[in-house]
Structures are given as C-alpha cells and as structure tokens.
Amino acid sequence: MPIGTVLATNGVVIPNAVGVDIGCGMCAVKTNIRVETVTPEVLRKKIMRGIRKQIPLGKEHHKQAQDEKYMPQDFEIDKLEIVKRRYVSATKQVGTLGGGNHFIELQKDDEGWMWIMIHSGSRNLGKQVGDYYNEKADMLNRRWFSTVKSEIQLPFIPLYDPLFKEYWKEMEYCIAFGLCNRRLMMQRIEEVIADAIPEAEFEPMINIAHNYAAWENHFGENCIVHRKGATRVRLGEVGIIPGSQGTSSYIVEGLGNPDSFMSCSHGAGRVMSRTEAVHTLNLEAEKERLDNLGIVHAIRCQQDLEEAASAYKNIEKVIAEEQDLVKVKVHLSPIAVIKG
C-alpha cells in the first residue's frame with residue numbers, strides 16, 4: 001500500500017492498508033509568543049535543550065512507566081490480545097517521539113506568532129498490532145482461497161469474521177494511544193516553554209491522524225475508508241500538512257471533495273529513499289541551507305541526511321496540486337527542528 005493512498009472497501013478491513021504506525025498523525029498549538037522576542041540563547045539553551053531532556057527521541061523511551069492517566073481510557077485491555085501483551089511497554093513509550101520522519105518543530109506563522117507542531121504515532125504498539133493482524137489476515141485469505149493475490153500484500157478481514165472486531169478494537173486503541181502520545185509530548189513542551197517564558201499562553205491543540213481505517217458514507221454507500229499517509233478533510237474540517245525539515249508547513253481547511261473520499265496529503269512525500277538520500281546528498285550543503293535560513297537543527301552526520309529537505313518533494317507544489325481538496329488557513333515556517 002503506497003504511502004498517501006486512500007482506499008474504500010465494502011465490508012472488509014485491510015490491516016496493511018492502515019499500516020504499522022496505526023494512529024500516526026500531527027498536532028499543532030498556537031502560542032501568544034512573538035518569535036522576534038525569543039533570543040537565540042533562550043531558544044537553544046532553555047527551550048530546545050529542555051525539550052530534549054523531557055522527551056525521549058528515536059528508539060529511546062522513558063525509564064519509568066508514565067502515570068496511567070496519560071494512557072487511553074475506557075478500553076477493556078484484557079480483551080485486546082496485543083495491547084494486553086504490550087501494555088507495560090506502552091506506558092514507557094507514551095510521550096516519546098520515535099524515529100524516521102517523526103519530528104517536533106517550533107514554527108512561526110506569517111503574523112509572527114510561535115507555533116508548536118509534532119508528528120508522531122503509536123510507537124512500537126501500532127507495529128505489533130499491524131503485523132499480528134496482517135499475518136492473521138494472510139492466513140485467513142489463504143484458507144479461503146481469496147482472489148486477492150498474496151504478492152500484493154493486502155490480505156483482508158471480512159466484516160463477519162470474529163477477527164474483524166478484534167482488529168478493529170486494537171486499531172482504535174492504537175489511534176487513541178497515538179493521540180495520548182502526542183498530547184503528553186505537547187504538554188511537556190508547553191511546560192518547558194512556560195518555564196523559559198513565564199507569560200506564555202497556549203491555544204487548544206489541533207490533532208489529526210493519518211494512518212487509520214474508519215466507517216464512512218461516500219457516494220451513498222457505507223464503506224470502510226483506509227487512509228495510509230492521508231488526512232481526512234471533510235467540508236470545514238481542519239487538517240495539518242507538514243513540509244520537510246527546513247520547509248513550510250500548513251494548517252488547512254477541508255473542501256469536502258468527494259472524489260478524494262474527502263482526503264488530502266499528509267505531508268510533502270519523499271522523492272528519494274532514506275538510503276539514496278544518505279548516499280547521494282551533500283552533508284555540508286544541507287547543513288548550510290538550514291543555517292542560512294536561521295533554523296536550529298540537528299543535522300550532524302551523513303546518516304542524518306535520511307530526513308534532509310532535498311529527500312522530499314517541494315511542499316509548495318504539493319499544496320498547489322490539492323487546491324481542489326483544501327484551502328490554506330495558516331502558513332508556517334520552521335525556526336527550530338528536532339528529528340527522531
């Protein structure tokens with residue numbers, strides 16, 4: 001399932017069409033801080049250093065389990081096969097960023113206000129759930145001689161099979177966990193900023209997921225819409241489309257275009273693989289580009305080029321291509337970036 005795909009099905013769910021980072025998504029918060037009032041010393045030594053102390057990055061997690069109040073509520077954990085097994089580990093992973101293209105950014109809107117943006121998901125929990133049910137679906141499809149070819153790796157679970165309800169409940173938990181993860185990180189970033197800038201105030205958090213399946217009605221039919229790296233944007237619904245490291249991000253409003261199943265992109269999208277980026281991009285050129293823009297970043301070695309801006313499409317062109325899907329509400333420019 002290519003990243004960026006939207007797929008509607010009739011009465012079946014496809015674990016691989018959701019992917020393994022179930023509930024991965026974005027959140028953003030506007031502050032009352034004027035960016036020009038924040039000195040480089042406060043930005044680097046108090047805010048960015050403080051965030052790194054509070055939030056484990058990459059494969060790191062908390063050494064101690066976090067309070068269960070930060071975990072999803074109102075779920076029957078004992079009935080969730082994989083969540084039950086991974087719950088203790090998950091309590092140490094809530095409020096952690098993860099790796100790959102996950103990030104924390106401080107940004108500036110066109111009026112000069114500071115924003116906080118986070119891209120993260122359900123950590124290892126989503127991968128465990130996704131892999132487990134994809135394997136179960138594959139076994140099910142082979143047993144019943146499914147006409148879906150196994151080589152395309154999209155085995156499905158029919159609505160009437162008991163496995164459907166099991167997957168659906170665990171997927172919903174992972175979506176909720178992804179939100180809890182981003183919310184806790186945002187809370188701790190706000191605490192760091194408030195400690196550095198006592199007069200700081202924060203607006204309510206905007207949150208969206210872009211890896212999930214949901215029951216929806218399209219073209220007069222109830223169907224299951226899978227979004228893997230795609231954002232739902234019903235008419236008037238708020239979405240977040242981030243750029244790559246060092247480029248613009250956008251808060252958008254949905255136009256409810258039925259032909260896209262009311263969806264838009266979840267980001268810029270890659271033009272080269274991580275391996276290709278590491279082997280072909282110039283380290284000094286990528287560092288110089290961000291330095292010249294005055295962006296605080298962490299590109300230090302060749303491996304960091306996995307997430308360099310040149311590995312991604314031009315976000316301005318991506319936004320221009322989906323003017324029939326969304327309209328831009330807020331344009332954001334990065335001032336400081338933390339990558340997983």
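**Pockets, sheets and helices**

Me: Which strand gives the most to the lining of the second largest pocket?
Reply: Three residues of the lining of the second largest pocket come from the strand that gives the most, and this is β14 (residues 326-339). The model is predicted, so local features need pLDDT of at least 70 and side-chain atom pairs pLDDT 80 or more, while totals for chains, interfaces and linings use all residues. Numbering runs from 1 along each chain as its sequence is written, and side-chain values use heavy atoms, without hydrogens and water. Strands (E, at least two residues) and helices (H or I, at least four) are DSSP runs numbered from the N terminus, and the strand asked for is β14.

Me: How much space lies in the second largest pocket?
Reply: A pocket is an open set of 1 Å grid points where a 1.4 Å probe fits, with protein on both sides within 12 Å along at least five of seven lines; lining residues have an atom within 4 Å of a point. The second largest pocket is lined by 16 residues, and Ala 298, Asp 304, Glu 307, Lys 339 and Gly 340 lie nearest its centre. By class, the lining has five nonpolar, five polar and six charged residues. The space in this pocket is about 260 Å³.

Me: What volume has the largest pocket?
Reply: The lining of the largest pocket has 41 residues, with Ile 3, Asn 101, His 119, His 266 and Arg 274 nearest the centre. Helices α4 (123-143) and α8 (315-321) each supply at least two residues of that lining. Ten of the lining residues are nonpolar, 19 polar and twelve charged. The volume of the largest pocket is about 1,100 Å³.

Me: Which strands stand at the edges of the sheet of seven strands?
Reply: The seven strands form an open sheet with antiparallel pairing, in the order β7-β3-β5-β4-β14-β12-β11.

Me: At about what angle to β14 does helix α2 run?
Reply: Helix α2 (residues 40-54) lies across β4 (103-109) and β14. Helix α5 also packs on the sheet, touching β3 (25-34), β4, β5 (113-120) and β7. For α2 against β14, the angle is about 95 degrees.

Me: Which residue in β9 stands opposite Trp 215?
Reply: Three strands form another open sheet, antiparallel in its pairing, in the order β1-β9-β8. The edge strands are β1 (5-9) and β8 (211-218), each pairing on one side only. Eight bridges join β8 to β9 (residues 221-228). Opposite Trp 215 stands Ile 224.

Me: How do the axes of α3 and α5 cross, at roughly how many degrees?
Reply: Helix α3 (residues 81-93) meets α5 through residues including Ile 82, Val 83 and Tyr 87, which face partners such as Tyr 173 and Phe 177 in α5. The residues of this contact divide into six nonpolar, two polar and two charged. The axes come within 12 Å and cross at roughly 5 degrees. Angles under 35 degrees count as roughly parallel, and therefore α3 is roughly parallel to α5, the crossing angle being roughly 5 degrees.

Definitions and conventions:
Two strands pair if DSSP finds at least two bridges between them. Axes are lines fitted to C-alpha atoms, for helices over the stretch in contact, and angles run from 0 to 180 degrees between N-to-C directions. Angles under 35 degrees count as roughly parallel, over 145 as roughly antiparallel, 65 to 115 as roughly perpendicular and the rest as oblique. Contact means heavy atoms within 4.5 Å. Ala, Val, Leu, Ile, Met, Phe, Trp, Tyr, Cys and Pro count as nonpolar, Asp, Glu, Lys and Arg as charged, and the others, Gly among them, as polar. Grid points are joined across faces, edges and corners, and a volume is the space filled by probe spheres set on the points.
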